[in-house]
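Colleague: I would like a close look at a single part of this model. Please keep it plain and go through it step by step.

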Amino acid sequence: MTSETHLEIRGGTALEGEVPASGAKNSALKLLAASLLAPGGNILANVPDVADVNVMFEVLESIGADVTRTGDSVMIDVPTVPEPVAAYELTSRMRASIQVLGPLLARCGRARVAMPGGCNLGSRKLDMHLAALEEMGAEFSTDHGDLVAVAPRLRGRRIVLEFPSMGATENVILAAVGASGVTEIENAAREPEIQDLCEYLAKMGVEIEGAGGPTIRIQGRGPGATGLAPATHTTIGDRIEVGTYLVAGAVTDGDVTVRACEPGHLELFLNKLEQIGVEVDTGDTWIRVRRTPSGLRAADIVTLPYPGFPTDLMPQTVALLSLADGSSVVTENVFDARFQFVFELNRMGALIRTEGRHSVVTGVEKLQSAPVVAHDIRAGAAVVCAGLAAHGTTRIANLNLLDRGYENLTAKLGALGAEITRTT
Ligand code: EPU
């Protein structure tokens, strides 16, 4: 299905200039959910104004919080007695709504959260979230599509995750705050967004250590997670947005600098850009890309949880590789249905063959404009990058998906010189 909003890009202009990174969507969403742990006025700064964040505001409001945005800062006034319910109308719009499960169990000992349903990236199960919370003493049942959780006494446990899932790690951390005793998560996700979450929790008064490594320890505060103080915190920069603008610069043979970001969060991605033939310079809080005169070269990519190559930058990088000299093999290890975007790139003249978790990208000289569809946020970003490089005007349907994750996309690309407009 496609939506009524479109993006039109007249490609072929080399992007030049500077653009600031927004706050990380995938951090802000969890920081907002974590706010439920501390009654009173929590303040988050650098919160991106994107559709997913607005859905999380509605989820928190339905739980009883007051959410007020002033510029990029958001005040979340959390009630003493939250209503532990998230309705299907909200969870079906954004899967990450499930991240309120952990804090609601910690605060209320029960929760009713509608199951999010299907997703364009593959099966995206919740089994690891639920198995870990069950080990801590929660009991789950389903009722007309809602997940009903009861956990009057969560117990701190050693939890070994099968896979370092971001969502499962976050839900366990947040629930563990309301457990008795220490919870130790082994094979925890190590993403910078997890570290950001743990820093926020520490500011509230949670004793937590190990974030950024494979073992995270949380000292529980017992039922109700009582005694936490509301906190003030600034969201980290969005490494995936940063990577997207860097690819946009490289694919158009441009010269783009992204500010307000942390180069250390993108180490492997930046190495890969250099391998592909992009000149990369970094400072403390900025990254600059330019294409080297020798042109783009093929390079293989294997996506892995952090610090591996991020799955959320794979589609954009494939757009870049589709103009490189030679053939690249791209292996996707995180999601089982992430390659739908290659059919859109192929409509634009790319030569990509997909077999299961692998794609072979054979570089072509030029891409051509075409009407294409954004299948998910990052698939949308890939066709945007391709459209910026292609000859002619590319029309991208499902702009609403890009709006879920990219703040001021048209203004930011416009500031770099792109000819880009939104149409309804
Ligand atoms: N998985 C399971 N069972 C579970 C949990 C996860 O099988 O209980 C599987 C998933 O199906 C998936 C893999 O494990 O195949 C990784 O899932 P993970 O839980 O790590 O991902 P997530 O928390 O659902 C977050 C981001 C995604 C990002 C992934 C991987 C948010 C809101 N979403 O999802 O971001 O791709 O981590 O880094 O933080 C995006 O921003 O466009 C996006 C999709």
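Which of the 22 residues around the ligand come nearest?

Modeller: This is a predicted model, and what follows should be read as such. K30, D127, M128, S165 and V334 come nearest to the ligand, out of the 22 residues around it.

Next, the polar atoms of the ligand. One oxygen atom of the ligand is 2.9 Å from an N or O atom in the side chain of K25. With K125 the protein atom belongs to the backbone: an N or O atom there lies 3.3 Å from a nitrogen atom of the ligand. H129 also takes part through its backbone, where a polar atom is 3.5 Å from a ligand oxygen atom. As for cover, the ligand has 830 Å² of accessible area on its own, and the protein covers 89% of that.

The domains give the setting. Domain 1 is made of two stretches, 6-22 and 237-423, while domain 2 runs over 25-234.

The centres of the two domains, taken over C-alpha atoms, are 31 Å apart. In contact are 24 residues of domain 1 and 22 residues of domain 2. About 1,900 Å² is buried between the domains, with carbon and sulfur atoms giving 51% of it. On the domain 1 side, Y306, R404 and E407 lose the most area to domain 2, together 29% of what that side buries.

Across this interface there are 2 salt bridges and 6 residue pairs in polar contact. The side of domain 1 that touches domain 2 has 7 nonpolar, 7 polar and 10 charged residues. Elsewhere in the list of pairs, E193 forms a salt bridge with R239, with the closest N and O atoms 2.9 Å apart.

Technical notes: Residues numbered from 1 in each chain as written. Predicted model: local features only at pLDDT ≥ 70, side-chain atom pairs only at ≥ 80, totals over all residues. Heavy atoms only, no water. Domains from an automatic or database assignment. Contact = heavy atoms within 4.5 Å. Buried area = accessible area lost by both parts, 1.4 Å probe. Salt bridge = Lys/Arg side-chain N within 4 Å of Asp/Glu carboxyl O. Polar contact = N/O pair within 3.5 Å; in protein donor to acceptor, adjacent residues only side chain to side chain. Nonpolar A, V, L, I, M, F, W, Y, C, P; charged D, E, K, R; others polar. Near = heavy atom within 4 Å. Areas by Shrake-Rupley, 256 points an atom, 1.4 Å probe, with all protein chains shown as cover.
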